[in-house]
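The structure comes first, then the points by topic.

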Amino acid sequence: MRRRPMPPVREGTVNVTPLIDIVMCMIIFFMLVAKIGVNTGSDTTIKVPDSLLGRDLSDFNNTLYLNVRAGPTTPQGPEPLITALVAGQMTELHLRSGGDNLVDTLKYLRQGDPSRNLPPNANFGVIIRGEADMTYQYLAPVLLACTEAGVRNVSFVTNKIERPE
Amino acid sequence: MKLRGAKQIHYDAGPNMIPLVDVVMVILIFLMMTGSFGAAEHFMVSNVPTSAKGMGGTPPPPNWVPPTELSLRVEPVGGNYVVAVGDRRISDPAVLAQTLAAMHAQFPDPDAVQVIINPTRDVEYKYLIQVYDAAMSARFTKIGFGTAGLYR
């Protein structure tokens, strides 16, 4: 029987399909991890109003998200329901009654606390995520609290819409 | 006797589609993720503190010049709202934007003008954002809220 030699091995082009596959999977993985790790304290169940104009903010490090809804009417006046992510926990903030006070919290974050070595923060800002259907009587006390605490940077979250043609 | 194997029938299956389908599915998932995380929200930034009308308090410094204020009174009307600008009452956001743009052109230093939105207590927040939007489209840069109309 005549033995034939093995044919010579010729390397073809590199198959890049598995490379693309793995790279895309890694991109999706890091996108998911990055999004899951950042919690701004924003309550996505609140339906915000629509607006044509607005800015995109990318830096939320020096801000506090206030989720504001219409609340009960107390003998002292309308009391909005305010929640915020304070010290890593979602906290309900109050204007008048017991519990964590909104003005005190904003003052602490804006003006600092020398007893706790917390310096003043002139660039501290508040982002208000308000319910579209709530009336101004619930929003005004929140804005006044920001003014009382010395917070100058106040932003309002709105839903971006296109101009009708 | 020469044995011959059965002739192998070779069907031309064409190029291997499995890697193509694999990559297309991954790209599809990637685009779905980017679409869902795309920001459909934006922010209206205010740098004018809310003004609370009242008496007393700290007197202003000697050389303080009060800023030019343009006050917009907002009141609810039926299921809508009306904005009082000077002696005009406007309920259409497009007309409001045009009116404010015309006023913007008349100010000698429009960037120093503070637009103060003074709603009554029953105006819905979504209407206030429309008024804010109109002021922004008229290129006013200092827009804030007031409480002058709160207890009217």
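**Overview**

Over all chains, the structure holds eight salt bridges, a salt bridge being a side-chain nitrogen of Lys or Arg within 4 Å of a carboxyl oxygen of Asp or Glu. This is a predicted model, in which local features need pLDDT of at least 70 and side-chain atom pairs count only at pLDDT 80 or more, while totals for chains, interfaces and linings use all residues. Residues are numbered from 1 along each chain as its sequence is written, chains are lettered from A and ligands numbered from 1 in the order in which they are written, and side-chain values use heavy atoms, with hydrogens and water left out.

**Interface of chain A and chain B**

- In contact (heavy atoms within 4.5 Å) are 48 residues of chain A and 40 residues of chain B.
- The two chains bury about 4,000 Å² between them, 66% of it on carbon and sulfur atoms; buried area is the accessible area (1.4 Å probe) that two parts lose on being put together, summed over both.
- On the chain A side, the most area is lost to chain B by A:Leu53, A:Tyr136 and A:Phe156, together 18% of what that side buries.
- One salt bridge is counted between chain A and chain B: A:Asp133 pairs with B:Lys126, with the closest N and O atoms 3.0 Å apart.
- Helix 1 (17-37), strand 1 (50-51), strand 7 (125-130), helix 3 (136-148) and strand 8 (153-160) of chain A each supply at least two residues of the side that touches chain B; helices (H or I, at least four residues) and strands (E, at least two) are DSSP runs, numbered from the N terminus.
- Helix 1 of chain A gives the most to that side, with ten residues.

**Strand pairing**

- Strand 8 of chain A pairs with strand 1 (residues 41-46) of chain B in the antiparallel sense over six bridges, where pairing requires that DSSP finds at least two bridges between two strands.
- In this pairing, A:Ser155 stands opposite B:Val45.
- Chain B has an open sheet of five strands in the order 4-3-2-5-6, with mixed pairing.
- Strand 4 (88-90) and strand 6 (142-145) of chain B stand at the edges, each with a single partner strand, so one side of each has no neighbour in the sheet.
- Strand 2 (residues 69-77) and strand 3 (residues 80-85) of chain B run antiparallel and are joined by five bridges, with B:Glu75 opposite B:Val82.

**A salt bridge within chain A**

- A:Glu148 forms a salt bridge with A:Lys107, the closest N and O atoms being 4.0 Å apart.
- This pair links distant parts of the chain, 41 residues apart: A:Glu148 is in helix 3 and A:Lys107 in helix 2 (residues 102-111) of chain A.
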